[in-house]
2 protein chains.
Amino acid sequence: MKRLVLIYGLIGGILIAVLKWTEYRFLVVEHSIEIYGGLTAATFAVVGIWLGLKLTGRRERIVVKVPVPAGAPFVPNEKKREDLGITRRELEILELIAQGMSNREIAGKLYVSENTVKTHSSRVFDKLGARRRTQAVQLGKEFGLLP
Amino acid sequence: MKRLVLIYGLIGGILIAVLKWTEYRFLVVEHSIEIYGGLTAATFAVVGIWLGLKLTGRRERIVVKVPVPAGAPFVPNEKKREDLGITRRELEILELIAQGMSNREIAGKLYVSENTVKTHSSRVFDKLGARRRTQAVQLGKEFGLLP
DNA sequence: GCAAAAATCACCCGAAAGGATGATGACAGA
DNA sequence: TCTGTCATCATCCTTTCGGGTGATTTTTGC
């Protein structure tokens with residue numbers, strides 16, 4: 001969170017600088033205020049979008065339609081997960097792997113870098129004793145971590 | 001989508017109005033440009049957040065589970081297999097992939113070359129519309145080809 | 001408030017996987 | 001016999017994975 005504040009301070013500073021600069025411009029050019037407004041608007045629209053995504057964390061609701069009344073809805077085995085020392089985040093990555101997503105896709109979905117995904121997946125593979133993601137998925141199912 | 005355009009037009013109009021209004025302010029008060037900038041920034045931050053959520057936000061994944069009678073030994077869906085044009089051999093490779101085996105291991109198990117396994121898997125991926133083996137496994141399960 | 005755990009990211013490297021294409025032999029059915 | 005399908009194998013090339021290592025930041029539990 002500290003870094004976020006820092007970044008905001010920086011943006012604030014830059015904004016003020018821009019303001020000063022545009023003030024000059026305003027004295028010279030007639031309609032620069034519109035340009036300035038447009039720029040600020042665009043900038044903060046982008047920032048806002050990023051912020052919105054970052055803060056709320058785009059989670060998708062998964063609606064499972066089962067044509068035939070199925071058994072109890074799957075609940076991941078928390079105990080087993082902790083026994084294996086697998087963190088929630090790691091399990092989350094494992095779930096996405098099980099859905100057939102690539103590291104890159106997972107990274108995009110979770111708004112983290114591909115390297116982070118790789119770290120998580122490597123750890124979870126290690127904890128599961130898997131060498132491949134398909135194997136990890138298989139083991140995850142056997143351990144009751146995945147439906 | 002039409003409503004979205006409409007809303008955007010409205011926002012544009014309002015923005016222009018605001019710009020005009022703030023122009024007046026600027027002539028009167030000294031530092032109103034900062035205030036104006038702040039307002040614009042705040043406005044568009046909010047708009048951005050809303051936009052971010054609106055555009056990318058919560059989508060629902062609809063997962064249709066193929067009714068698989070629990071308890072009963074799994075029988076691969078022959079019809080579905082043929083509908084997809086997947087041969088028995090290809091399905092065999094897919095099953096081994098689902099068990100987490102590498103191409104090399106599969107080749108060894110079936111006494112064929114690794115290249116052959118790759119050909120089969122490529123074909124089955126193509127027929128399933130999968131790009132990765134994990135995805136192929138996922139789709140295979142959804143199609144009732146795998147337990 | 002501070003130590004531990006968790007999450008994040010980077011870089012390198014080799015191995016595995018995947019795409020495209022072409023070729024060959026076996027075999028079933030028209 | 002000819003044709004189509006299937007299974008087999010190869011080669012070239014690109015992308016993705018996985019392992020290893022190290023580092024910083026954030027969260028959490030005491």
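## A tour from helix α4 of chain B

The model on display is predicted.

Next, select helix α4 of chain B, residues 88–98, together with helix α5 of chain B, residues 103–110. Their axes lie 10 Å apart and the helices pack at an angle of about 125°. Angles from 65 to 115 degrees count as roughly perpendicular and those over 145 as roughly antiparallel; α4(B) and α5(B) are therefore oblique to each other. The crossing of α4(B) and α5(B) is right-handed.

Which residues of α4(B) are buried? Select B:E90, B:L91, B:I93, B:L94, B:L96, B:I97 and B:A98. The cover over the buried residues of α4(B) includes elements from both chains: α7 (133–142) of chain A, and α3 (78–83), α5, α6 (114–128) and α7 (133–142) of chain B.

Chain A holds seven helices and one strand, in the order α-α-β-α-α-α-α-α from the N terminus. Of its 147 residues, 35% are buried. Among contacts in chain A with a separation of 6 or more, 58% join residues 24 or more positions apart. Finally, show the accessible surface of chain A, about 9100 Å², of which carbon and sulfur atoms contribute 63%.

How values were computed:
Residues are numbered from 1 along each chain as its sequence is written. Chains are lettered from A and ligands numbered from 1 in the order in which they are written. This is a predicted model: local features need pLDDT of at least 70, side-chain atom pairs count only at pLDDT 80 or more; totals for chains, interfaces and linings use all residues. Side-chain values use heavy atoms; hydrogens and water are left out. Axes are lines fitted to C-alpha atoms, for helices over the stretch in contact, and angles run from 0 to 180 degrees between N-to-C directions. Helices (H or I, at least four residues) and strands (E, at least two) are DSSP runs, numbered from the N terminus. Angles under 35 degrees count as roughly parallel, over 145 as roughly antiparallel, 65 to 115 as roughly perpendicular and the rest as oblique. A crossing is left-handed if the near helix is turned anticlockwise from the far one by less than a right angle, and right-handed if clockwise. Buried means under 20% relative accessible area, exposed over 50%, partly exposed in between (1.4 Å probe, protein chains only). Contact means heavy atoms within 4.5 Å. Accessible areas come from the Shrake-Rupley method with a 1.4 Å probe; for residues, only the protein chains shown count as cover.
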